[in-house]
Amino acid sequence: MSGRAGAAGPGRAAGAGSSARDWTRTSELWPAPLTVGVVSDTHMYPEPHGRSLPTILLDELAKAGVGLILHGGDIFAPWVLDQLAEIAPVLAVIGNGDSGDMRRVLPRSRVVMVAGHHLGLVHGHEGPGRNTPERARLGFAANPYVRCVVFGHSHQPYSRLKDDVILFNPGSPTDKRRAPYYSFGLLRIAETIEPELVYFV
Ligand SMILES: [Zn+2]
């Protein structure tokens, strides 16, 4: 069940002709307005539940009309990104749990530009800072243009404005740990960035 009202039959609109492994070549420069889907910490092993992300996640991302999907790391299996790339182009970073295939092709952090907005994407497990949001924010301290930092690692959904920087953790859609609900996020970007956390059970 979704945390938001929604119509049935989303359909899987193909995102700009995405196909498997396109996520290694996704552009980091995007025009606004753009709705960005944000997912992190899928922690799905190579052969999990029928090799699929939760249907509700895929349906809600498609229904929201996302034009880009960010994954904050701890992906665990490349097919996770392949599946997201069927909905929209995917940009990802590695987390502390990622190895092999993904370490060869994905960075530890990256900056995504949507029109004039610079978004930092990092898992949030390394560097200085007392907690995950602080480590994520400090990871981009040298870049004054970054006004929104997307991260993961804690599996705790988080959306705060700190010192004019939006700190956004979508939680996890598959491994919620201590959080009461599974979750993912949306960033509606135009003149401003409007973050939304979406919860489901
Ligand atoms: Zn992690």
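The model here is predicted, so local features need pLDDT of at least 70 and side-chain atom pairs count only at pLDDT 80 or more, while totals for chains, interfaces and linings use all residues. Residues are numbered from 1 along each chain as its sequence is written.

A strand here is a DSSP run of E with at least two residues, numbered from the N terminus. Two strands pair if DSSP finds at least two bridges between them.

Back to E10. Strand E2, residues 34–39, and strand E10, residues 182–189, run antiparallel and are joined by five bridges. Both belong to an open sheet of five strands with mixed pairing, in the order E4-E3-E2-E10-E11. At its edges are strand E4 (90–92) and strand E11 (193–200), each of which pairs on one side only. From one strand to the next, the twist averages 25 degrees, with angles taken between N-to-C directions of lines fitted to C-alpha atoms, on a scale from 0 to 180 degrees.

Now to strand E9, residues 165–169. Is E9 mostly covered or mostly open? Mostly covered: four of its five residues are buried, meaning that 20 or more other C-beta atoms, placed from the backbone, lie within 10 Å of the residue's own.

What does E9 pair with? Strand E7, residues 146–150, runs parallel to E9, with three bridges; valine 149 has leucine 167 in E9 as its bridge partner. Strand E8, residues 158–162, pairs with E9 in the antiparallel sense over five bridges, and lysine 162 stands opposite valine 165. The hairpin of E8 and E9 has two residues between the strands, and aspartate 163 takes a positive phi near 50 degrees there.

Methods:
A residue is buried if 20 or more other C-beta atoms lie within 10 Å of its own, exposed if 12 or fewer, and partly exposed in between; C-beta atoms are placed from the backbone.
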